[in-house]
Amino acid sequence: MNDDHCTASAAPAWRRRHLLQAAGAAAAASAASVWPGSSAWAAELPDAGRFIRPAQMTGAALSPDGQRLALRTTGPHGRWMLSVLLLDTLAPTVVYSSEGADVGRFLWVNKERLVFDLQDRETPEGRQDAAPGLFAVDHDGSRFRQLVERQRVLVRSGNEVRSLEPWNTFLLHGDTQRRGDEVLVVRPEAYTDKELGHFKLLRLNTVTGRSREIDSLPQAQSWWFDAAGHLRLQRTLETPAATSGERAAAPRGRYLWRDLGSASDKEAWRPIAEFNPITGEGDFRVRHLGADGKLYVSARRQGADKLACWLLDPASGQWSEAPLAQHAQFDIDAEVITRQDRVLGLRFSIDAEVTQWLDADMQALQAQVDKVLPRTANRLSVPWSGDAPWVLIEASADIQPTLYFLYNRQTRKYTRLGSERPDVEAKQMAAMDLHRLKARDGLELPAWLTLPKGKSLADKPRFPLVVLIHGGPWVRGPAWAWDPYVQFLAARGYAVLQPQFRGTLGLGQKHERASWKQWGQAMQDDISDATRWAIEQGVADPARIALMGASYGGYSALMGLVREPGLYRCAVAWVGVTDLNLLYSVSWSDTSDAIKQHGMPVLLGDPVEDAALLRAQSPLSHAAAIRHPLLLAYGEKDRRVPLIHGEAFRKALQGAPGRAPDSLEWQVYADEGHGWRLPANDIDFWNRAAHFLDRHLAEVRS
C-alpha cells in the first residue's frame, strides 16, 4: 500500500482520553485495590499464557478492484493460513493452508492472483531449516505455483559453516498492479552471513515462473518506477575503494535519478542526494514517486530538528514551499497511500498511528468512521481501482488488539470480520498514557505509563514499578497499542514505565545524537530520571522498583544496578549485552564489519581510542559489586548478543564475595536466538519473570 496526506493532528490523544475514561470507569466498578503480597492478589494471579497467545486474525488486504478480500488467519491446525472472501456474499475460500508452516507476507498481484511467502512461528532460530520461499495462487485456490524454493544455503564463516536463509523477497510496489501477472523481486548476489552484497532486480511472472532481469545499478538496494513502468530512481549503498594500507572507507548512500529520454547505461543516472547510511547524516528518505514525477521525501530541511514530509521535483531540484506533514514533537516518516496514480494521503506514527488525508472524500470518510468507532485508531484501506463500495477498517487501541471491519459506502453497513485476539476483553485491559518529563540536562523525555486497570495518577497509588527498557537502542520506542507483556505485568498489579531515553528514534535529531557514546552515562541517567519522576508523581513505591529489558534494555537494566544501586530492588535482563568490547571482538556475531568499523565507533565508542570508556561502561566490569537479585536469560543460538555475554557475567557474579547464592536465576533456552520464537519458551520466560518480581517486590504496601 502507498501513503496518505494530512497535518499531524491530535486525534490519537482525544481517542486515548475516551479510552482512559471508559476503561477506568469499567474497571473501577468491578475491581478492588489489589497489591502484590495480599491474599486477594494471590488469588487472582494471571498466567502469562493468558496474554501470550497466537493471534487469530493477523492481516487483510482488498483486491485491487475491491471485489475480494484476502485474510490471514489461524487455521484449525494452529498455523496461519490464507483465505479469500468474495465480498458480495462473504463466502470464504481457503487458498493455502499447511500443518508445517505459516503464511507470512502476502500481496495481491492483480485482481485474480496472490503471492505470498512462508515462515515458521513455532520453531526456534537454531532449528529453522527452511527459507521463506515464494508462492502464488489464484483467489479460488487454483493455479498454485511455487516460485522460489524454501531451501536454505550454507555459508562459510571462518572455520564454521552456517545455514543461512537467502534474502529472496518480493517488493510491495504499486507497479505490480500494472504488470499483469508479474511482481518485482530481488535476488541477493555475493552475500555472506553478515553482508548483503548486491542485488539483482527481476520481474517474475507468477503464472509461468519465468523471470527477466531489469537493468539496475550493481549497488542499488531500493527502486522506484514511474506510472509507465520505467525505472527512474535508485537508492544505492557504496563502499569506496580503500587506499593501500589504509582502513576501508566508510560506505555512502546515494539517490540517483534518470530523466526521461536518457540512455539505459550507467552514465544516465545522476545523483540527487547523498547520505551516511550508518549515522544518518543527511537524512533523506524517498517514500513514493508520484505520477507527476514528484518525489515524496522525509527530510530535515532548513535546519529543522525533526523529519517532515516534503515534495521534491528531481528534474528541477525544486522543493515544495512548505512540508506536506510535520510535527513539533515527532519525526514524520510517512507511508504514501495511493489509488491508481493519485496520492490520497500520508500515514505515519507520532504517539499513535494517524492518517492525514489529502483527498477530501477520504478525509470525510475518516471522520465518519471515527464517529462510529471513537475509541480506536482507525486505519482505512480502499480498493486501488474500480467503483467497489468496500472499505477495510483496522481498528486498534492500547486496550484493544486489532479489530477488522468491512464498511459498505453504499449501504452504510459495517460488518465485523474478526479480531487479532478475540479472547481479549478491552474493559479488562490497562490503559497506557504518554507523559513528558525532563532529564537532568533539560532534554525532554517522553515516557509511557501503564497503571493497573482502574487506577490513575490522582490516586497516588504507590505501586510496585517495573521500568521496562526497550532494546535497540536506536529504534522507535513503543507506541499507543496493545502489548501482551505490558498487560500481563499490569494484570499482576505492577505499574509499567517505558521511558523513551535519548537515542530512541522518531523524536528528532537532537534527541538521537544526544545518545552518541553515552551508553551507561546520559542514556542511563534518563532511565534514573524517569524512575524518580514516577516516585515524585506518587506512582512508584520507592522500595519496590525493578528494571527489566532485552538486548540494549538488558544492558541498561544491569547498568542501572551499577549506577543507582539504592534506587532499584532487582532486575530482569534477557539477551542482554554485558561487555561492550565483545560487540567488536566476537567474530560469530551477526553484526556486519561495516557497522563495526564505521558505525559503532561513532555511536558507541572506538575500541582503541575509547577503550577505557567501553570498559568502564560494561556491566561485566562491575559485576562483583552487584548485590541485587537478578534473573538472566539467553538464547543458546543468539548471534546478535552471543551467549558468551551471559556466561561471562554469570561467572563474575558467582565469584563475587558476599553475594547470596540464591540471588541469581539463570535460564538458557536451547536453539533460541535473540528472543523467544517458541511460544512455550515465551510463556515460560514471562512466568519466570513474574514470579521473580513477585518474590522480590512483594511486601504489602503500608
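Serine 551 is found in the loop between strand S34 (540-550) and helix H7; helices (H or I, at least four residues) and strands (E, at least two) are DSSP runs numbered from the N terminus. The model is predicted, so that local features need pLDDT of at least 70 and side-chain atom pairs count only at pLDDT 80 or more, while totals for chains, interfaces and linings use all residues. Residues are numbered from 1 along each chain as its sequence is written, and side-chain values use heavy atoms, with hydrogens and water left out.

**Exercise 1.** Describe how helices H6 and H7 are oriented and which residues make their contact.

*Solution.* Step 1: the axes of H6 (residues 522-536) and H7 (residues 552-563) come within 10 Å and cross at roughly 75°. Axes are lines fitted to C-alpha atoms, for helices over the stretch in contact, with angles from 0 to 180 degrees between N-to-C directions. Step 2: H6 and H7 are therefore roughly perpendicular to each other (under 35 degrees is roughly parallel, over 145 roughly antiparallel, 65 to 115 roughly perpendicular, the rest oblique). Step 3: H6 contributes Met523, Gln524, Asp525 and Ile527, and H7 contributes Tyr552, Ser556, Met559, Gly560 and Arg563; contact means heavy atoms within 4.5 Å.

**Exercise 2.** Characterise the surroundings of aspartate 682.

*Solution.* Step 1: aspartate 682 belongs to helix H12 (residues 679-696). Step 2: aspartate 682 is buried yet has no salt bridge (a side-chain nitrogen of Lys or Arg within 4 Å of a carboxyl oxygen of Asp or Glu). The nearest side chain of opposite charge, arginine 421, is 9.4 Å away; Lys and Arg count as positive, Asp and Glu as negative, and His and the chain ends are not counted. Step 3: leaving aside neighbours within four places in sequence, aspartate 682 is in contact with Ile52, Tyr485 and Trp676.

Definitions and conventions: Buried < 20%, exposed > 50% of the residue type's maximum accessible area, 1.4 Å probe, protein only.
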